[in-house]
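These are my notes on what I looked up in one structure. The entries follow the order in which I went through it.

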Amino acid sequence: MLTRSLKIGIVCPYSWDTPGGVQNHIRDLAEFLIASGHEVSVLAPAIDESNLPNYVVHAGKPISIPYNGAVARVLFGPVAFARVRQWISQGDFDLLHLHEPAIPSISLLSCWAADGPMVGTFHAAAKRQKIIFAIGPILEPAIEKLSARIAVSEAARLTLTDHLDTDAIIIPNGIYASRYAHGRREEKWSGNTIGFIGRFEEPRKGLSVLVEALPVIARFAPDVKVFVAGPGDPDEVIESIDPQLRHRFEFLGKISEEEKADFMSSVSVYVAPNTGGESFGIILAEALAGGACVVASDIPAFDDLLGHGQFGALFESESPTELAKVVIELLRDKEKRQTLSAAGRTHAQKFDWAVVAQQIYSVYEMSIVGSEKVRLASDTRPWNRFLNKDDK
Amino acid sequence: MTRWFFLLLMLLISTWYLTFTATRLDRLHHRVETSWANLDVLLQKRAAVALEIAHSDIADPASSVLLTAAAYQARDADIQNRSQAESGLSGALGLLLEDSEHLETAADSALLTELSALTDKIRVAIAIHTDAVARTQLVRGKFIVRLFRLAGTAPLPITYEFEADVL
């Protein structure tokens, strides 16, 4: 599929060793591109330098700043800028792929420092902020240097058009669909069960909505059980649950990829009650690929991913009663569950890396045409050109 | 003394800003040209594939005539009629592909795969080109740019109306 071997530089704005959707996406993309015969170098900040894969170049230690309602571990400043410039000038790249170039990070610095074919991927979805009037004019000339922009979802695209007044091509995040296709049905997780995966301590993951909905669900399905997987300390959550219902919750801790596949094939209903801050919803794509019957809140990203209810059921976000209603209906109707999960599984193939990477590669190809290699922008500035004339 | 220093600083800053904007505009003009050249090549290729399809077994005589006419029109169109001609070709191809899904021999499906790969690329190329054009027009509309004639003699890029949904 990939015709020519390219040298690609990818910039990851967030700390490589903290878990996150953007980091996972970059890791999978880099590994997929390397496997298809390209040379890839990823520039990323990291807290611990020693454990990086060989394609990652360490950019420095990240600093924690509050951004978009969460703490982001990013990196910027003069030292980082020098590091970025060095990486670009030594890399001799055909193309740079910058992730989240609109937040203060090494992605933005790279965009500023480099000249040549550049592609930017925008992951975040946020409501329009007033602050953009102040920072927009500064960002604009930099963002404009990107030859093509990719948004991971309709929500991310709207954020981009709202904030920076430019359009983007939508290419979803990728998953390895085949890894989830052959999950075994585990007896312990099947029956009248509800599954939940995520960092449940974060309020925006919405576990509390499910906790509040459970009394109603339990009234109609007395043997219902909820399995919560994901890293975190369950004690605080357990305390918030009605003592009579506590035994219905089981916390599994962090589970492996294989267990995840089994988990998705086993539970009757997979619930994603996220209240917001989600731009794509990779876990839903994985759940669909694993053949789960998905129930999700109707935030824009999920509504979009589930085809407005075609590939999974939706409920009004933050409403426990609506969630209970949808879950009860599905627990009672096996046929409907099967139809939804079959439709979902087919739909999930669209997010497979084989498809997604091909789309990303098309954008690379179109950006490279007619341009030279990536070089430092300072080399092409008029006065530098003028000054260097005598040397040549 | 301070006043002279201040004036000098102002002068330096405005010079920097002007060269900065000129570089920015130069980059945009360059992108408009390269993205158009790229899109043009892809569209030409598509016309060639369309002709091949017209001469293959995929097309019945009637659609063959329609497709050949549309492909030649797209090839020969001058710059003003280009987008209309290309949309016409998209329409003709769309019509044909709609009811040709059931009859696929090996050679034909190779042609159709080539066409769909080309269509994907064209879609991206159109997005890149229209974006470059829109950006250039926006920056050229700025007061400073018009006042100092930073665009020089470069022609103002024209917006092409591509019907992306037909592709």
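**Loops with a positive phi**

I began with Asp92(A), which is found in the loop between helix H2 (78-91) and strand E6 (95-99) of chain A. Helices here are DSSP runs of H or I with at least four residues, strands are runs of E with at least two, and both are numbered from the N terminus. I noted that this is a predicted model, in which local features need pLDDT of at least 70, side-chain atom pairs count only at pLDDT 80 or more, and totals for chains, interfaces and linings use all residues. Residues are numbered from 1 along each chain as its sequence is written, and chains are lettered from A and ligands numbered from 1 in the order in which they are written.

I looked up phi for Asp92(A) and found it near 55°, a positive value in a residue other than glycine. Most residues other than glycine have a negative phi. Is Asp92(A) buried or exposed? Asp92(A) is exposed, because 12 other C-beta atoms lie within 10 Å. The cut-offs are 20 or more other C-beta atoms within 10 Å for buried, 12 or fewer for exposed, and partly exposed in between, with C-beta atoms placed from the backbone.

I then turned to Glu318(A), in the loop between strand E16 (313-315) and helix H12 (320-332) of chain A. Phi of Glu318(A) is near 65°, again positive in a residue other than glycine. Glu318(A) has 17 other C-beta atoms within 10 Å and is therefore partly exposed.

I also checked helix H5 (residues 154-164) of chain A, where Ala155(A), Ala156(A), Arg157(A), Thr159(A), Leu160(A) and His163(A) are buried. Just after H5(A), Asp165(A) takes a positive phi of about 60°.

**Helix pairs in chain A**

Two packed helices are described by the angle between their axes and the distance between the axes. Axes are lines fitted to C-alpha atoms, for helices over the stretch in contact, and angles run from 0 to 180 degrees between N-to-C directions.

I took H2(A) and helix H3 (residues 106-113) of chain A, whose axes come within 9 Å and cross at roughly 55°. That angle makes H2(A) oblique to H3(A). Angles under 35 degrees count as roughly parallel, over 145 as roughly antiparallel, 65 to 115 as roughly perpendicular and the rest as oblique. I listed the residues that meet: Ala80(A), Phe81(A), Val84(A), Arg85(A) and Ile88(A) in H2(A), and Ile106(A), Leu109(A), Ser110(A) and Ala113(A) in H3(A). Two residues are in contact if their C-beta atoms, placed from the backbone, lie within 7 Å. By class, this contact has 7 nonpolar, 1 polar and 1 charged residues. Ala, Val, Leu, Ile, Met, Phe, Trp, Tyr, Cys and Pro count as nonpolar, Asp, Glu, Lys and Arg as charged, and the others, Gly among them, as polar.

My next pair was helix H7 (residues 207-220) of chain A and H12(A), whose axes come within 8 Å and cross at roughly 45°. H7(A) is thus oblique to H12(A). I found Val209(A), Leu210(A) and Phe220(A) among the H7(A) residues of the contact, and Pro320(A) and Leu323(A) among those of H12(A). The contact divides into 11 nonpolar, 1 polar and 1 charged residues.

**Chain B**

How do helix H1 (residues 2-55) and helix H2 (residues 61-76) of chain B pack? I read an angle of about 160°, with the axes 9 Å apart. H1(B) and H2(B) are therefore roughly antiparallel to each other. Their contact includes Leu43(B) and Ala47(B) of H1(B), and Leu67(B) and Arg75(B) of H2(B). I counted its classes as 9 nonpolar, 3 polar and 1 charged.

I then looked at Leu39(B), which lies in helix H1 of chain B. Leu39(B) counts as buried because it has 23 C-beta neighbours inside 10 Å. Leaving out residues up to four places away in sequence, Leu39(B) touches Ala125(B), Ile126(B) and His129(B).

**Between the chains**

The contact takes 18 residues from chain A and 16 residues from chain B. On the side of chain A, the largest share, 5 residues, comes from helix H14 (residues 353-368). That side divides into 7 nonpolar, 6 polar and 5 charged residues. Last, I noted that the predictor gives the complex an ipTM of 0.78 and a pTM of 0.85.
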